[in-house]
Structures are given as C-alpha cells and as structure tokens.
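Subject: Model for your files

Hello,

Please find the model below. My notes on it follow.

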Amino acid sequence: RSHFGSSFFLAREYLARAAMQCQKRTDVSYGNPVIAKFELEKRKKLHRQRLQSIKCQVDNKPPPAQPHLTTYGRDYFAKKKTTTEAAFNDLKMIQSIAQTMTRRFDLPDRSGAASLNRDARKRELFRITADNHKLMDRLEKLRHLWASNNCCRTH
C-alpha cells in the first residue's frame with residue numbers, strides 16, 4: 001500500500017469504531033447484547049448439527065458389479081481373439097524353426113582349379129602362429145629388471 005492508502009484505511013477504521021460506540025444497541029434483536037450473543041450461538045450450534053446430519057438426496061454410489069454382462073461382452077471376445085492369434089503365430093514360428101533345423105546343409109562343389117600355393121600359405125600361417133605363441137610365453141615368463149623397493153631406496 002502507498003502511504004496515502006494506509007492513512008485512508010486507518011481513518012476509515014477509526015470512523016467505523018466511533019459509529020459502533022454510538023449505535024451499540026441497534027445491532028441486537030433482543031435489546032440486550034448478551035442475550036443476542038447467546039441466541040446467535042444457539043442458532044449457529046443448531047445449524048452445525050443440521051449440516052452434520054444431512055444425507056445425500058442423490059445416489060452417488062458406484063453401480064453394482066454385473067458379471068453376467070462382462071463374461072461374454074466385447075472384452076471377452078477381444079481377449080479370446082488376441083489369445084488365438086498369439087497361439088497361431090507361436091505355432092507358425094515353431095514350424096519355421098523346425099523346418100530350418102531339419103534342412104540339409106550342402107556346400108557347393110568348388111568350381112575351377114585349386115590354388116597352387118595353398119600349402120605354402122598354410123605353412124606360413126602356422127609359422128606365424130607358432131612365433132606368436134613363443135613371444136607370448138617369453139612375455140609371461142619375463143621378470144622385472146628394477147624392483148620398486150630399490151627405486152624408493154635410491155631416490
């Protein structure tokens with residue numbers, strides 16, 4: 001609020017209080033403010049009791065289950081159709097696997113002359129493999145040249 005707004009609000013509140021001091025008896029229906037307050041509390045209490053005892057005039061409960069309608073309803077036939085299709089697809093898959101497993105496997109005969117240097121290439125591959133094995137054995141049996149303890153002592 002601005003400064004002007006807050007002072008206006010305070011002035012209005014002061015005027016309201018001054019008016020209430022003059023008109024103290026006009027806000028009661030019994031001529032006595034104590035009896036009026038008592039009657040008002042009594043009416044509020046009765047009103048709260050009535051509100052608590054209210055019952056709904058409209059039936060808002062969920063409808064009762066009707067299993068006789070759902071057993072052979074749309075859901076039943078849709079479920080039955082999907083189950084049947086899944087079983088049929090499984091059967092087709094099993095048949096195709098069985099057909100693939102029982103198929104004869106024939107290598108086609110080599111056409112043309114055999115390679116003249118096949119044996120030489122084979123011997124060279126065996127030699128390379130043996131050399132690789134020897135190198136691997138040497139690497140596995142290799143010992144450290146410099147121990148870490150010696151390194152720490154000399155440093």
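This is a predicted model: local features need pLDDT of at least 70, side-chain atom pairs count only at pLDDT 80 or more; totals for chains, interfaces and linings use all residues.

Residues are numbered from 1 along each chain as its sequence is written, and side-chain values use heavy atoms, with hydrogens and water left out.

Overall picture

The chain has six helices and zero strands, and from the N terminus on its elements run α-α-α-α-α-α. Helices (H or I, at least four residues) and strands (E, at least two) are DSSP runs, numbered from the N terminus. Of the 155 residues in the chain, 2% are buried. The accessible surface comes to about 16500 Å², and carbon and sulfur atoms account for 59% of that; areas come from the Shrake-Rupley method with a 1.4 Å probe, and for residues only the protein chains shown count as cover.

Mean pLDDT (the predictor's confidence in each residue, from 0 to 100) is 79 for the chain, with 70% of residues at 70 or more.

Salt bridges

A salt bridge here is a side-chain nitrogen of Lys or Arg within 4 Å of a carboxyl oxygen of Asp or Glu. By this rule there are two. Arginine 127 pairs with glutamate 124 at 2.4 Å, N to O, and with aspartate 131 at 3.0 Å, N to O. Glutamate 124 and arginine 127 are three residues apart in helix α5, so about one helical turn separates them. Aspartate 131 and arginine 127 are four residues apart in that helix, again about one helical turn. Glutamate 124 is partly exposed at 36% relative accessible area, and arginine 127 is partly exposed at 42%.

Surface patches

Patches are made of residues with over 30% relative accessible area and no salt bridge; like charges are joined within 9 Å, and nonpolar side chains (Val, Leu, Ile, Met, Phe, Trp, Tyr) within 5 Å. Lys and Arg count as positive and Asp and Glu as negative, with His and the chain ends not counted. The place of a charge is NZ of Lys, CZ of Arg, CG of Asp or CD of Glu.

Arg110, Arg118, Arg121 and Lys122 gather in a positive patch on the surface. Arginine 121 lies in helix α5 (residues 118-141) and is partly exposed, at 48% relative accessible area.

Met93, Ile97 and Met101 form a nonpolar surface patch, with about 350 Å² of accessible area together. Methionine 101 lies in helix α4 (residues 74-102) and counts as exposed, at 68% relative accessibility.

Regards

Technical notes: Buried means under 20% relative accessible area, exposed over 50%, partly exposed in between (1.4 Å probe, protein chains only).
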